[in-house]
Amino acid sequence: MIKTTTARERVDNIFPELVETLKKIISIPSVSSDLQKQNKVLESANFVKDQLEKAGLEAEICYANYDDGTQGRPAVLAHKQVDEKAPTVLLYAHHDVQPVGEVDRWSTDPFTPVQKGDRLYGRGAADDGAGIIAHIGALRALGDDLPVNVTVYVEGEEEIGSGSFRNFLEKYKDRLRADRIIVADSGNWKVGVPAVTSTLRGVIQSDVTVSVAKHASHSGQFGGPILDAVTLASLLISSLFDKNGDVAVEGLGGSNKADVVYEEDDFRSDAGLLEGVKLAGTGDLAARLWTKPAISIIGWDVRPLETASNTLAPTTTFRISMRTVPGVPSEEANRALEKHLREHAPFGAHIEITRNEMGPSYKAGQTQAIKDLHWALDEAWQTDSVNIGQGGSIPFIADFATVFPEADVLVTGVEDPESHAHSEDESVHLGDLHNAVLAEALLLAKTGK
């Protein structure tokens with residue numbers, strides 16, 4: 001197995017070239033949601049393909065269809081076989097990026113890479129150009145010392161929901177099968193503190209319609225004995241929380257403990273919270289974000305002020321988004337939510353629930369693969385790595401686990417709180433990127449020892 005000092009020297013030698021490669025990735029506006037830029041999505045796929053071939057892999061552009069039969073975005077699939085008896089590792093990243101949003105809020109052109117101190121700025125610098133560089137750099141650093149068989153899968157539609165992802169796994173199942181899967185699309189706790197993403201909350205999104213009458217009525221003539229649908233819906237929503245602001249739905253599970261301390265001042269600043277607004281819930285702040293359920297109302301069809309009238313609304317619909325506890329099946333959590341909504345319908349209001357989305361959660365086990373990843377991160381950063389969670393969901397992680405149940409799925413990445421992925425002035429810390437390349441090289445070497 002290659003020594004850490006040797007691997008570090010190799011990464012040092014190739015890192016300037018890796019940074020230049022990342023700059024070229026940033027310069028390609030591969031916005032998968034923009035139908036006018038699909039040629040750029042293909043261009044970025046071909047660029048990644050070329051870089052993997054330069055790293056010694058056989059690579060090609062591959063496609064899978066959406067469920068409706070239309071073709072998905074271009075993905076790169078590459079392989080390197082070193083020994084049929086050696087373990088196989090699948091390396092995942094994505095080459096598509098988010099739209100830039102309001103360009104005038106950027107300090108620099110989004111698709112012109114600019115280095116400022118230790119950070120490189122540009123759309124896709126962190127999400128997920130850094131993940132691509134971690135894979136390419138690790139493979140180049142190991143070179144002929146690579147002790148495992150490697151498959152690289154770089155998709156082109158992660159930023160629009162990975163619509164053909166599951167079909168892609170099924171279509172190329174034999175080529176994607178692996179003993180370990182390394183997903184480089186997450187982040188670290190902070191600059192200089194590496195992390196393993198050990199939990200991801202799931203997501204359930206539903207429309208809830210509350211009805212009280214067959215038609216609208218005059219609020220003066222009928223108001224009092226009848227509460228309007230909007231008021232009743234408000235009472236129903238309030239029942240979802242206890243006096244502390246914790247979710248009051250029974251049977252959702254959750255943990256009050258986290259491995260790291262998220263300082264309240266930092267959180268308030270990161271969230272842009274107004275002065276005097278109190279935080280909701282109990283338990284560790286990081287746990288409230290990662291390992292406990294959360295409920296938000298993300299849409300409501302309430303009549304706008306401009307068209308308000310003195311009538312009792314007979315019906316109204318709101319959209320609820322619930323983040324589920326890692327390890328709790330989404331179907332189980334959804335049943336608990338729907339049971340609560342029906343049992344807490346105020347004043348006998350009629351409730352109709354339409355489910356829109358259900359994404360699974362993820363919870364890593366205490367496997368040897370997880371231990372090896374922590375070791376590699378510790379060695380690369382020369383400090384103790386930590387376990388973190390993500391409040392958002394990454395449904396394709398569960399797809400990996402379902403299609404390849406025998407594989408260990410490891411979720412890591414190069415983002416940090418200052419990366420501003422999906423926002424303006426996205427960036428990556430180059431010191432952490434260097435260490436991420438080294439950590440992945442060490443992990444591949446340890447996997448094949």
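At what angle do the axes of helix H1 and helix H13 cross, and within what distance do they come? The close-ups below, taken from a predicted model, start with that pair.

**View 1. Helix H1 crossing helix H13.** Here we look at H1, spanning residues 4–26, together with H13, spanning residues 430–447. Their axes come within 9 Å and cross at roughly 130°, which makes H1 oblique to H13. The crossing of H1 past H13 is right-handed.

**View 2. Side by side at the H1–H13 contact.** From H1, the residues that meet H13 are Thr4, Ala7, Arg8, Val11, Asp12, Phe15, Leu18, Val19 and Leu22. Their counterparts in H13 are Leu430, Leu433, His434, Asn435, Val437, Leu438 and Leu442. Sorted by class, this contact of H1 with H13 has 11 nonpolar residues, three polar ones and two charged ones.

**View 3. A three-stranded open sheet.** Follow the strands in the order S15-S8-S16 and you will find mixed pairing. At the edges sit S15 (362–363) and S16 (386–390), each of which pairs on one side only.

**View 4. Strand S8 meeting strand S15.** Zooming in on the sheet, S8 (residues 195–200) and S15 run antiparallel and are joined by two bridges. To find your way around this spot, look for Thr199, whose bridge partner in S15 is Lys363.

**View 5. Helix H11 on the sheet strands.** Our last stop is H11, made up of residues 368–381, which lies across S8 and S16. Relative to S8, H11 runs at about 145°.

Conventions: Residues are numbered from 1 along each chain as its sequence is written. This is a predicted model: local features need pLDDT of at least 70, side-chain atom pairs count only at pLDDT 80 or more; totals for chains, interfaces and linings use all residues. Side-chain values use heavy atoms; hydrogens and water are left out. Two strands pair if DSSP finds at least two bridges between them. Helices (H or I, at least four residues) and strands (E, at least two) are DSSP runs, numbered from the N terminus. Contact means heavy atoms within 4.5 Å. Axes are lines fitted to C-alpha atoms, for helices over the stretch in contact, and angles run from 0 to 180 degrees between N-to-C directions. Angles under 35 degrees count as roughly parallel, over 145 as roughly antiparallel, 65 to 115 as roughly perpendicular and the rest as oblique. A crossing is left-handed if the near helix is turned anticlockwise from the far one by less than a right angle, and right-handed if clockwise. Ala, Val, Leu, Ile, Met, Phe, Trp, Tyr, Cys and Pro count as nonpolar, Asp, Glu, Lys and Arg as charged, and the others, Gly among them, as polar.
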